[in-house]
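Okay, thanks for coming, everyone.

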Amino acid sequence: MTEITRRATLAGAAASALLPFAKTSPAHAAAPLADKQNASFYRYNVGTHQVTVVCDGVATVNLTDNYAAGASKDDINKVFAEHHLPTDKVTHTFNPVVVNTGPKLVVIDTGLGPDQFTQSKGKVGQFHNNLTAAGIDRAAVDTVVISHFHGDHINGLLATENKPAFPNAEIMVPAVEWKFWMDDGEMSKGMGNPILENNFKNIRRVFDALGRKVTQYESGKEVAPGITSVASPGHTPGHNSFIVASGNEKVLVQVDITAGAAFLFVKHPEWNIASDVDKPLAQQTRRKLYDMAIAEKMPIQAFHAAFPGLVRVEKEKDGSGYRWIPSIWNASL
């Protein structure tokens with residue numbers, strides 16, 4: 001009993017000894033809210049190839065009435081609610097990748113570019129800065145492979161003042177995509193459609209600044225060591241995805257098979273984002289590629305999935321759609 005009382009007394013004395021310091025400690029001043037994220041990149045290996053996912057940023061916009069063909073705003077908000085997400089808002093994530101094959105340093109798509117970085121106050125267009133943070137020199141890039149010609153994939157080909165962002169790289173573009181978007185007749189037919197008209201104008205702005213110095217590639221061909229293009233039309237006429245393979249390992253870089261708030265079109269492949277040029281074909285393509293990834297047990301690197309965008313895909317039990325499962329696979333760090 002005496003020992004317990006003694007311990008309690010000592011503990012009380014120690015606590016009392018700290019009180020003067022607590023009373024005289026200065027109050028913490030209020031700090032402004034931070035407005036920057038940490039640099040976002042993530043690395044993993046595919047055999048002897050190293051993949052670096054380099055985030056271009058995240059944008060949240062209001063949900064429009066025509067966001068998805070085949071779905072109402074109520075339909076979309078129901079999916080958002082099921083995923084514990086805010087309704088009436090759409091979040092877009094942008095994930096270009098860099099593949100170090102050993103012989104070649106290859107960039108697949110380039111993000112929204114420095115102009116959008118300035119306009120969005122750094123929310124998007126982060127690709128160039130995050131490349132630097134990841135220790136990747138743009139001047140050391142050997143090849144830039146473009147999947148299709150929407151602005152979030154080609155604008156980063158230009159640095160500030162419309163100078164080439166990858167001055168020593170060969171710029172590779174899909175032949176079918178080039179033929180369609182560079183055709184004056186197709187451009188004339190697209191005038192009056194805001195999405196198509198803006199695309200045509202932006203595409204020519206970007207590639208004219210590069211002197212239209214590009215190498216056209218065919219689908220189904222190897223565009224760099226261990227990187228094979230896969231025809232995936234519908235979102236645009238010449239859209240391509242890619243299989244990165246080394247040894248017994250491979251990953252599907254799916255780009256815009258599902259775009260925008262991509263998980264919507266994973267769950268509901270019968271819906272189409274407004275920018276899908278050929279909507280029925282886009283639906284066929286996404287089912288074809290997802291069924292292939294499932295059959296081959298192939299992980300997917302998704303351009304518009306939540307960073308870092310590495311997922312696996314499974315069919316829903318009722319067979320109507322699919323679902324993504326986030327995957328941490330063979331990380332090298």
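This is a predicted model: local features need pLDDT of at least 70, side-chain atom pairs count only at pLDDT 80 or more; totals for chains, interfaces and linings use all residues.

Residues are numbered from 1 along each chain as its sequence is written, and side-chain values use heavy atoms, with hydrogens and water left out.

So, with that in hand, take Val255: its relative accessible area is 1%, so it counts as buried. Helices and strands here are DSSP runs numbered from the N terminus, helices being H or I with at least four residues and strands E with at least two. On that scheme, Val255 sits in the loop between S14 and H9. What is phi for Val255? Near 50°, a positive value in a residue other than glycine. For context, most residues other than glycine have a negative phi.

Asp109 also has a positive phi, about 70°, and is not a glycine. You'll find Asp109 in the loop between strand S7 (105-108) and helix H3 (114-119). Is Asp109 buried or exposed? Buried, with a relative accessible area of 0%.

On a 1 Å grid over the protein atoms alone, a cavity is a set of points where a 1.4 Å probe fits but cannot get out; a pocket is an open set with protein on both sides within 12 Å along at least five of seven lines; and lining residues have an atom within 4 Å of a point. Grid points are joined across faces, edges and corners, and the volume is the space filled by probe spheres set on the points.

How many cavities of 30 Å³ or more does that rule give? One. The largest cavity holds about 50 Å³ of space. For classes, Ala, Val, Leu, Ile, Met, Phe, Trp, Tyr, Cys and Pro count as nonpolar, Asp, Glu, Lys and Arg as charged, and the others, Gly among them, as polar. The cavity lining then splits into seven nonpolar, two polar and one charged residues.

Some of those lining residues take us to the sheets. Two strands pair if DSSP finds at least two bridges between them. Val97 is the bridge partner of Val53, where strand S2 (residues 49-54) and strand S6 (residues 97-100) run antiparallel over four bridges. Those strands belong to an open sheet of seven strands, in the order S1-S2-S6-S7-S8-S9-S10, with mixed pairing. At its edges are strand S1 (41-46) and strand S10 (215-217), each pairing on one side only.

Val253, meanwhile, has Gln301 in S16 as its bridge partner. Strand S14 (residues 249-253) and strand S16 (residues 300-301) are parallel, joined by two bridges. They're part of another open sheet of seven strands, S11-S12-S13-S14-S16-S17-S18, again with mixed pairing.

The largest pocket has about 820 Å³ of space. It's lined by 28 residues, with His92, Leu112, Asp152, Asn199 and Ser275 closest to its centre. Which element gives the largest share of that lining? H8, with five residues. By class, the lining is eleven nonpolar, 15 polar and two charged.

The second largest pocket has about 640 Å³. Of its 31 lining residues, Leu85, Phe263, Ala305, Ala306 and Trp324 lie nearest the centre. S5 gives the most here, five residues, and the classes come to 18 nonpolar, nine polar and four charged.

Most peptide bonds are trans. Pro308 is in the loop between S16 and S17. That's my tour, thanks.

Note on methods:
Buried means under 20% relative accessible area, exposed over 50%, partly exposed in between (1.4 Å probe, protein chains only).
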